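Hi there,

I am passing a structure on to you, and I hope you enjoy looking through it. Please open it first and then read on.

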Amino acid sequence: MILDVACTRLQVAEDGKKIPLRKCRVMRVKRKQSLIANIGDTGSITRRVAQAVSESRLNYWASYVTDFTCPLLFGYLGMRHHWNWSSVIFSFLSGWIVFSLIEYSVHRWLLHAGEGLLFRLHESHHHHPEEPSAFFFATSIVVLTLAWLLLDRALHLDGASFFICGFASGYCYFGLLHHLEHTTRINRIPFRWLQKRWAAHSVHHRLDHHNFGVITSFWDLVFKTHQSNKKRERSEVVP
């Protein structure tokens with residue numbers, strides 16, 4: 001609508017002469033294309049900045065410091081109030097389980113769907129899995145603090161601090177495990193259960209519509225996206 005008004009004004013702009021309708025339409029289309037190009041350039045700059053931050057080694061290691069600090073912080077906040085072991089264990093495990101579901105959901109439906117910024121950043125990780133890649137280092141503590149304020153201060157839920165502690169611990173474990181999977185060979189990993197997690201994530205990087213869960217395969221089994229390494233190897237054999 002704004003472009004139409006601008007075009008109408010241009011019709012009587014040059015020495016009082018009217019601009020032909022066809023030329024007016026061409027000018028309107030060119031102006032619209034220029035506007036879209038400018039928006040695209042802005043989006044491209046935002047993506048480049050976000051990717052530069054995501055792939056920065058300083059941001060990568062700072063995120064581990066932040067992620068390790070979060071469970072300690074919220075565990076400390078929980079210990080400041082009256083607590084008992086049964087409540088602590090239940091709240092902590094609930095937070096861990098909720099994180100595992102959110103990890104699966106974000107990985108499957110945000111990082112592997114659509115054309116958004118998160119999709120582009122994660123696509124870059126799949127192309128260069130050996131390179132450092134992480135969200136902005138302050139993301140975890142900001143998001144978890146907001147969640148804690150909602151659960152503990154606004155809703156006054158018992159065990160909110162230990163729930164967030166469990167959630168943050170799951171996220172910290174996710175980061176460490178993901179780092180291990182991309183920096184260490186499977187034969188150097190000491191525990192069998194860690195080797196299984198390594199193998200499952202390796203399959204995901206070959207078949208990116210399977211094995212979305214990094215810390216557990218439970219939700220892949222529930223949503224039928226699990227693919228075992230042995231089945232993958234058998235499917236590659238040509239009869």
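Below is what was found, starting with the whole chain and then turning to some details.

Please keep in mind that this is a predicted model. The chain has 239 residues, and 33% of them count as buried. Its secondary structure consists of 10 helices and zero strands. The accessible surface is about 15800 Å², with 64% of that belonging to carbon and sulfur atoms. If you take the contacts between residues at least 6 apart in sequence, 64% join residues at least 24 apart.

Now for a pair of helices. Two packed helices are described by the angle between their axes and the distance between the axes. Helix α7 (residues 160–183) packs against helix α8 (residues 192–206) at about 75°, and their axes are 10 Å apart. An angle from 65 to 115 degrees counts as roughly perpendicular, and α7 and α8 are therefore roughly perpendicular to each other. Among the residues making this contact are Tyr173 and Leu177 of α7, and Trp193 and Trp198 of α8. The contact residues divide into six nonpolar, four polar and two charged.

The whole structure holds 19 aromatic pairs. In one of them, the ring centres of Tyr60 and Trp61 lie 5.3 Å apart with planes at 80°, so this pair is edge-to-face. Tyr60 counts as buried at 11% relative accessibility, while Trp61 is partly exposed at 47%. Phe99 and Phe167 also form an edge-to-face pair. Phe99 sits in helix α4 and Phe167 in helix α7, 68 residues apart, and both are buried.

Happy exploring!

Definitions and conventions. Residues numbered from 1 in each chain as written. Predicted model: local features only at pLDDT ≥ 70, side-chain atom pairs only at ≥ 80, totals over all residues. Heavy atoms only, no water. Helix = DSSP H or I, 4+ residues; strand = E, 2+ residues; numbered from the N terminus. Buried < 20%, exposed > 50% of the residue type's maximum accessible area, 1.4 Å probe, protein only. Contact = heavy atoms within 4.5 Å. Areas by Shrake-Rupley, 256 points an atom, 1.4 Å probe, with all protein chains shown as cover. Axes fitted to C-alpha atoms, helices over the stretch in contact; angles between N-to-C directions. Parallel < 35°, antiparallel > 145°, perpendicular 65-115°, else oblique. Nonpolar A, V, L, I, M, F, W, Y, C, P; charged D, E, K, R; others polar. Phe/Tyr/Trp six-rings, centres within 6.5 Å; stacked < 30°, edge-to-face > 60°.
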